[in-house]
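Here are some notes to read with the model open beside you. Take the points in order, and look up each residue as you go.

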Amino acid sequence: MTKYVESEIVISGISGRFPKSDNLNEFWLNLIEGKDMISDEHDRFLELGLKMPSRMGIVNSLDKFDADFFAIHSKQAITLEPRIRKLLEVSHEAIMDAGLSPVSIHGSNTGVFVATCDSEAAAISHRSFTKHNAYAVLGSSTSMLANRISFFYDLHGPSFVLDTACSSSGVAIHQAMQAIQTEVCDAAIVAGARLHHDAIAGYMFYALDMTSTDGKCKVFDAAADGYARAEAVVAVYICKKEVAKRAYATIVHVGINNDGYKDEGVTYPSNIMQEKVIRKVYKDIGLDPLEVDYFEAHGTGTKVGDPEEMSAITRVFCEGRKGALPIGSVKSNMGHSEPVCSLCSIAKLILSHIARTIPANLHYHTPNPGIPALFDGRVKVVDTNQPFDARYVAINSLGFGGTNVHLLMKFDNKQNNESQWRPSTPVIIAGSGRTEEAVRYFLENALQHKQDQHFVKLLHELSAEAIPRHPYRGYVVANVNNFETIVEKMEPKDALWFIFSGMGSQWPGMTKDLIKFEEFKKSITTSAKYLSSVGFDLKKLLKSGDKSMFEDLKNAMVAITATQIATPTISPLIKWDYGETWYTPHNRQEFNKHKGARFDIDLSNPGDSFYEGHCIEGKIIFPATGYLLLVWKFFSSQIHLEVDQCPVVFQNVRFERLTFLNSETHSTFIVNILQGSGKFEILESDVVVCTGEIRQLLGGVKKEVSTAAFSSEISQSEPRLTKDDFYKELHLRGYNYSGLFQGIQESGIEGNWGKVDWTGDWVSFLDCILQLHILQNENRTLFVPTRIKKIIIDPSEVKTNLQEQNNIITVNVSRYHETAGFPGFELRGLNFANFSSKSQLCDPITTEHVFVSYCSSESTTISKEIALQSIVEIVVENSEGAKFEFTEILSNLHNSVTAQVKDSCTFSFSTCELTTVNVSNARTDDLEFVKNGSKIISLQELAFNPSNHFVYTDCESHFMEFEALLISGGFLLFKCADTLLDLFRGYEIISKNRFLEKGFEQTFVLLRKISINTGRSTVISTDDNDFKWVESAKKIIRNSQVQQVVFASQNPSSGINGFVKCLVKELRNVKIQCFHAIDPIELNFDKPSIYLQQQIRGFV
């Protein structure tokens, strides 16, 4: 049979982190000053365009943790969930607050009971691509919220985590009390933690109508529409009253039950079951509920929750009560901390008891009509700060799964009525800590309570044992009117201090002040007892003011020896060493540049075979609307919706490249969406094929669309095209659509309207809308989409209209407004570009070729424009890869060369990434390079990663610093004198061009970072007139062992330059170079001349 101990359980220590409050003192100031602790100024997560309140209650410094104090290695500390870090801190502070040195509880039978809910940090980490070490499983395990505390303090009592949603911390107190009363443990740490990292969780609570739109807990008010989510981490130390060194309050009793089944659903509260658990608490202890002086309600501000709870409270506490029952809810001040809310209520009431004032509820203006007791005077909301002398206080805590908790506390109102303590001797207060600042902060604050005898005694109790890993110690000696603080850094060690008065230093009445100290008085009494057996009166000697008594050596020696006493110097910790910053989960870590959602398109797959119907000029091309659907799918999955449930807006969509499909291989698309901004990119074979922006449509389509889309229907009296006529016309233009991509049932002959059949597929349905624009192209050339300014789609509205129109929708197309639309849909700004895989006759293009020497002579100068054009062409033609990266570092923004780089890269690279580093303070809004797509950053934002093909700088004093940006084989361009070139080791000079600028001669110097040769080149001569070299070249290039090929020619009209440029684009895995010798030289690459060696250095 379980043994049950009848003993009062008290709260002896408490600590916490609350919104905008780093400790209990700051929490109390926010409460008593009526400050709303909810704010939208936080960076806890990116909202991802989700519909939810932006205001939350946020605790500070989640990324700070004193890992050294808790003896946690950095490899483990970086993986610890922020909840564990903060729980370690507040549990330590609660133990100290109870007057216990942490060392004194090591090995004790103390339990740890932690309340929490699901881990939002773990959800982020699991979805992200952040790499952690093997300790991550320990750092994110929910069990570790309790077990880490037990491990650090070597606690042997029960240690576990509870989750009953919003009633979790109330249940934790119930479990801890039972464990102490049944002697399962002797004392307990009860704690709770709730932190918000995941926008998706906030969205789901809002979707369930649990949270308020404006982010306010309007508890008991007529405008109540839900609660504001809040963070909190709180810990209390509870124990039997007889062993407590201090008692804030007695936990009289706690009752729990569950609603069980309800017709309304699992989350609907039951006032009947709430009343039942409340009545049981008072029946168990034999207390009349009318004895309760104040009720701290669960009170979240939900439409259903408040009336249901108040119905139960009114029936139990108001029948027969004289006067109104005062009620309140701390959630109106700080928000709803969900599993931690019971501990937050306890903290509020303990602080109110100490201050003898109960703080006002916020956001209460008009009584909730669903709570009759607010109108007839049976209950009264505390809406102003009021005196507080309650003895019995009740707390409700209700979980949305139906677990109800009722807790009764009792305060001893006599303990604060004593007059101020006025000690007759100076007060000594000692302290230790992690930093000098921590010790000084504690001592300065402790002095404010030096006339509180209980407080000072508690500090002396804490000084019994040294705290490990506290390198700083200090003390303050305070008289009535002055004090002196001493803080030193030293190694902690046990010490015994003696007062050696020395011979001749004695004085009459030397102990009249020391005798006031209890320890000294006991020592003197003991000494006097032993000395009286030999006929010596010690007390008479010490109290005597007669100097002649000390002339006797015996008297002097005895008096001096008796005054030797011990003095402890240890005190509690208040502040932490926050020198280190640690990893904190954030949903911006979910996706990165190289990983995203993967979609495979395989024509052999029945689900993808319909793409074969999107055929242009005999080639199967992946539809532009297919890209949109891939992004739409990924975006909706991030907010846990299906595509048909997710209205969206696409903006600034660009189709960068066509993707050809075939039945022999599959195509893989990678979709990345930048959280927050909604910018996306789609890659195929590591090449960007589509970019744009996506966001969730909020508030309906009509708030977003133009008036043109829903203007009166366009007249359909003009000649019409049947389905057969429509697709015959498109076939003549080169569009060989079939299957689902023949969805136009009929249209106007001008393409200004069309009836589109819905077959259940968004890709073909949207593509048919684009087909109407093709018909408006009068010259009948072949076009493909290149850009869409905006698309608005509300699937539910579209589906509603489809049902009304038998799955056929009439689309209105306005050439003038550049729109196409129907109810639930609008497309704006569709642009096309000519496309054809067939060669067509066209007007010849003439260009002028100017020879520019790599190194101009001293007497030769050219224009700056020609010099730059020549240099950029050299760089581009000798750079490899699908993506070209260029960075310019400018002290004068007008020296930018982004325009030349972009023009030269357009036809050579699929992607060109341009970056301009602005080292000046000049504005960048209207400059031309902004239009060229260059990303503008400051020098501080520049990451020195070797990823650039080309770097240019006009910063002559720092240009050597920027060579770290280059890849091997990359180019560096700057203006400088020849004398500085010796500074560049590992570079070869490519060109030096003199030019005139504003009348002054300048020199452009182009250097190339020498790359290490890994193999010998194969040389192919193209001067064979019968072109036999072509077949041999094919065999050489097909050889996988060949890495470098040189095509050489001495024929001025051989056309080798154009030939090699084409090969470079097609063969990315082979390094190809052209050596075109116009001057008569011997091209012997096996035994090259000195001149030839200089020309081919670094390659052959």
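1. A term to start with: a residue is called buried when its relative accessible area is under 20%, exposed when over 50%, and partly exposed in between (1.4 Å probe, protein chains only). By that rule, 51% of the 1100 residues of the protein count as buried. The accessible surface comes to about 52,600 Å², and carbon and sulfur atoms own 51% of that; areas here come from the Shrake-Rupley method with a 1.4 Å probe, and for residues only the protein chains shown count as cover.

2. Some housekeeping. You're looking at a predicted model, where local features need pLDDT of at least 70 and side-chain atom pairs count only at pLDDT 80 or more, while totals for chains, interfaces and linings use all residues. Residues are numbered from 1 along each chain as its sequence is written, and side-chain values use heavy atoms, with hydrogens and water left out.

3. The protein has 28 helices and 42 strands. These are DSSP runs numbered from the N terminus: helices are H or I with at least four residues, strands are E with at least two. A contact means heavy atoms within 4.5 Å. Among contacts between residues at least 6 apart in sequence, 74% join residues at least 24 apart.

4. Now find the open sheet of 12 strands, with antiparallel pairing and the order β17-β22-β23-β24-β20-β28-β31-β30-β29-β27-β26-β25. Because β17 (597-601) and β25 (720-722) each have a single partner strand, they stand at the edges, and one side of each is left without a neighbour in the sheet. From one strand to the next, the twist averages 20°. Two strands are said to pair if DSSP finds at least two bridges between them.

5. Which strands does β20 pair with? β20 (residues 648-655) is joined to β28 by 6 bridges, running antiparallel, and 6 bridges also link β20 to β24 (residues 687-696), again in the antiparallel sense.

6. Helix α20 (residues 723-733) lies across β25 and β26 (744-748), at about 90° to β25. Helix α21 (residues 762-775) packs on the sheet, and the strands that α21 touches include β28 (783-793) and β31 (825-834); its direction makes about 60° with that of β31. For these angles, axes are lines fitted to C-alpha atoms, for helices over the stretch in contact, and the angles run from 0 to 180 degrees between N-to-C directions.

7. There's another open sheet, this one of 8 strands with mixed pairing, in the order β32-β38-β39-β37-β36-β33-β34-β35. Its edge strands, β32 (862-863) and β35 (935-938), each pair on one side only. β33 (residues 883-890) and β36 (residues 948-953) pair in the parallel sense over 4 bridges, and Phe886 has Phe950 as its bridge partner in β36.

8. Is Thr887 buried or exposed? Thr887, in strand β33, has a relative accessible area of 4%, so it counts as buried. Leaving out residues up to four places away in sequence, Thr887 touches several others, among them Thr915, Val917, Leu942, Phe950 and Leu965.

9. Ser463 sits in the loop between α15 (453-462) and β15. With a relative accessible area of 6%, Ser463 is buried. Ser463 and Ile429 are 34 residues apart in sequence, and 9.2 Å separates them in space, C-alpha to C-alpha.

10. Last, a couple of backbone angles to look at. Most residues other than glycine have a negative phi. Lys20, though not a glycine, has a positive phi of about 55°; it lies in the loop between β1 (9-17) and α1 (24-32) and is partly exposed at 41% relative accessibility. Arg356 also has a positive phi, near 60°. Arg356 is in the loop between α12 (341-355) and β9 (357-358), and its 24% relative accessibility makes it partly exposed.
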